[in-house]
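These are my notebook entries on one structure. I wrote down what I looked up, in the order in which I looked.

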Amino acid sequence: MDNSNSKRRNFIRTGLALGLASVAGATKLLGEPDEKKPAHNHTVKLLSPDGEIVEVDTADLKVETHEHAGTMARTITGREGIEGRKFVMVIDLGKCRNARKCIVACNKMHHIPEEKEWLQVKLMKDNENAAPYWFPKTCFHCDNPPCVKVCPVDATFKRSDGLVLIDNERCIGCKFCMAGCPYSTRVFNWGEPEITEPATCPPYSPESSTPSKHSTVEKCDFCPDMVRQGKLPDCVTACPNGVFYFGDENEDTVTNGSETVRFSQLIKDKAGYRFMEELGTKPRVYYLPPSNRMFPVERGFKNLTDDQKARFKDVQ
Amino acid sequence: MNIEKTSKSLLKEFWPQMSKWTTRELIWLGFWGIIFLVGLYALYVQIVEGHVVTGMRDHVIWGVYIVNFIFFIGIGYTGAIVGGLLHLFDAEWRKPLMRIAALMTVISVIIGPLYILLCIGRLDRLYYLFIYPRLQSPIIWDVVAVMTFLVGGILFLYLLAIRDFAILSRSEETMPAWRRKIYLFMSAGFINTRMQRHDLKLALNVLSLLLIPTVIIVSSVLSWIFGMTLRPGWHSTIFGPYFVLAAVYTGTGVLVLLMYAFRKLHNLGAYIQERHFVYVGYMLIAMAAGYGYFTFSEYLTDWYTSEKWNAELIHKLMDLNQYGWMFYFANFAGILLPILLIGIPKFRSINTITFSAALLVIAMWFKRYLIIVPTLETPLLPMQDIRPEYVNYSATWVEWALTGAGIAMFMILFKVASKYIPIVPIWETSEMIEKEKQTKAATNGQPQPSLS
Ligand code: SF4
Ligand code: SF4
């Protein structure tokens, strides 16, 4: 790879990440430059929400720790979206080999046990003659979310930044949203939930979605607490094959951690589509068709236990 | 006045039934009491351990609880709509049945919603429905609908009973003073003046008129809990009327069963007569035909177009290794058989009508099960879950125990109610008897068709 090119990429990558981090802080501070702050006299470049590159003093940057994000989310209730953002995800089906690293990372991040899967990788086969392919599925954070429509108490809600989140302190556990979601995204805590590594669990907020609360509904949340810290959702960074691209539709940029691309261009070049468009749910997750596969589908069975293999017997 | 005299003699006849409990009745009560207590224990288990003790899991998120909810609520709606319609058409023969219909309404509409509570994971947060309600949610529509309806149903029961309360409070039978006092209070000062009669009639007419659209609305709202989702077998435009008809059909079946039971147990053969069974039987045929038609057109359109998930669902329903038996039982025993048994005059009798009613009530319960469970087992995306209990639903003892508890509650409440309020309305039945006497006299003893 050409060195200068990779540098540029790296710059955009950090830029995007920081841009995500500082959106609440930096945009506000940029508007009020006189505010008294200890100056570090050290500036960094980052992408503003409008897609411009700006220089900001590091003293003005909030670099959140996980805990901090938690408390911050608490004061802002988690119901308001991150200003100016419109998160999207693109999943490249051609690159997935069912490595299941995303699932492991997601479960670790959210302190949920192995058998509970917010993120699932299905084996799909569209018709008899079609070749089967691996299909990672997050919550689609639909723009016309049927789950949100039916919630009787506003426990699941749509934010201005596109995310559909759940307030587990509000949820009454009626499961109506589970009936409403056509993609079987949501899971329920049928009994007392198992919380893995509770010691490192951040305080609950709709943005951290953890620790799990009994008899309430949970699902993939696109890790907004990570995003507030300028980090990518864990599935994105965990994937060894760069399947997940996460970014901001307003900025028209998505990144899988090693490559940052124009969202619109990617969708255009690779014929991106949304899953079951005909349902009218308007997902915020786009798929790139499983063409030009990097791996044969069989690779996906390699590291599976027999139990896990048994899941897919209907498809094979 | 003749009506007063007749009602006095009617009360005399009913009073022994109302004033003391026989051993048989106490055993009956004890039996259902035990079933109810088992249900309470199951409820305790469910509250302490969570819904993990039920067969419901992430795919099949609702099970027999919601089936029972639809079932009981449906029965409740029927009492009101059948009672209301017959009242408005002033079908004279209806009168001895009105109390059963009204009681059925109130009791079922009390029991039904308890089942929806069993589906709610966090009962400790139930009041959020009132402090954070979102009007977009069909659940909120249903909460409003059920509560409105409960008020309407209780009013209907009460207005129909005022005259009997008045009779009871002035009766010559011996009863404890407190009981007489309550009757007096409940009679709301009714002393049978012309104005009171007029007002009461007006109130009942208005209420009947209001109850009919209310039932249609609340039943439809119930169906929209399902119809508003993007699920095969649920997302159907006919679900509203389909549920209305299903509710009334089942409820009328239950009405027949109750008529039969009280006729036998309370020796009411003189008042709940064969013709009542026959008339209600005719209503059943009409409803079965309508319901059959809906069912046919629902399945036919799904099957004909064979959209992927609909085809999968229909296959599941018809496959004898899956839901086939239940499907054929629900649709043939529940629709076709009653039509034949009641429709062919040779078969028609109190016993066959009651048998058909029992058959259709059970079949309709299964029908609701078929609407709920197979659909939830047919998600749009493949389940690919290794946990078998997550793939296929089967109800656990907790769910069955609580189902039993609901039936027990129905039995107990009905029995207790029958001790405090005559199961055959005294006033209205006397009115009917007098009227029939008059017409008989007028036509020189020629028997008259009494369906007015
Ligand atoms: S995928 Fe399901 S849970 Fe996620 S937003 Fe869409 S409907 Fe809601
Ligand atoms: S289960 Fe919770 S989030 Fe889902 S609809 Fe009910 S209250 Fe809302």
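**Entry 1: the two ligands**

I sorted the shell around ligand 2 by class and got nine nonpolar residues, two polar and one charged. The classes work as follows: Ala, Val, Leu, Ile, Met, Phe, Trp, Tyr, Cys and Pro count as nonpolar, Asp, Glu, Lys and Arg as charged, and the others, Gly among them, as polar. The residues around ligand 2 include C151(A), C171(A), C174(A), C177(A) and K175(A). To be near a molecule, a residue needs a heavy atom within 4 Å of it.

I note here that the model is predicted: local features need pLDDT of at least 70, side-chain atom pairs count only at pLDDT 80 or more, and totals for chains, interfaces and linings use all residues. Residues are numbered from 1 along each chain as its sequence is written, chains are lettered from A and ligands numbered from 1 in the order in which they are written, and side-chain values use heavy atoms, with hydrogens and water left out.

I then turned to ligand 1. Its surroundings include C139(A), C142(A), C147(A), C181(A), R186(A) and K219(A). This shell has eight nonpolar, two polar and two charged residues.

**Entry 2: chain A**

I counted nine helices and 13 strands in chain A; both are DSSP runs numbered from the N terminus, helices being H or I with at least four residues and strands being E with at least two. Chain A has 316 residues, and 59% of them are buried. Buried means under 20% relative accessible area, exposed over 50%, and partly exposed in between (1.4 Å probe, protein chains only).

I looked at contacts in chain A between residues at least 6 apart in sequence, and 64% of them join residues at least 24 apart. Contact means heavy atoms within 4.5 Å.

After α3(A) comes H111(A), with a positive phi near 55 degrees.

**Entry 3: where the chains meet**

How many residues of chain B are in contact with chain A? I found 41 of chain B against 49 of chain A. The size of an interface is often given as the accessible area lost when the parts come together. Here the buried area is about 3,700 Å², and carbon and sulfur atoms give 61% of it. R134(B), L381(B) and Q384(B) supply 20% of what chain B buries against chain A, more than any other three residues. Buried area is the accessible area (1.4 Å probe) that two parts lose on being put together, summed over both.

I counted 25 residue pairs in polar contact between the chains, both residues at pLDDT 80 or more. A polar contact is a pair of N or O atoms within 3.5 Å; within protein, one must be able to donate a hydrogen and the other to accept it, and residues adjacent in sequence count only if both atoms are side-chain atoms. By class, the side of chain B that touches chain A has 24 nonpolar, eight polar and nine charged residues.

Between chain B and chain A there is one salt bridge. D154(A) and R134(B) form it, with the closest N and O atoms 3.7 Å apart. A salt bridge is a side-chain nitrogen of Lys or Arg within 4 Å of a carboxyl oxygen of Asp or Glu. R79(A), D154(A), D167(A) and R134(B) are linked in a network of such bridges.

**Entry 4: other salt bridges**

One joins D161(A) to R159(A), at 2.8 Å between the closest N and O atoms. D161(A) has 0% relative accessibility and counts as buried; R159(A), at 3%, is buried too.

In chain B, E25(B) and K419(B) meet in a salt bridge of 2.9 Å, N to O. E25(B) lies in helix α2 (residues 23-49) and K419(B) in helix α15 (residues 397-420), 394 residues apart. Both E25(B) and K419(B) are buried.

**Entry 5: A330(B)**

Is A330(B) buried or exposed? A330(B) is buried, at a relative accessible area of 1%. Helix α12 (residues 324-343) of chain B holds A330(B). Leaving out residues up to four places away in sequence, I found that A330(B) touches I335(B), A363(B), F366(B), K367(B) and L370(B). A363(B) is 33 residues from A330(B) in sequence, yet 4.4 Å away in space, C-alpha to C-alpha.
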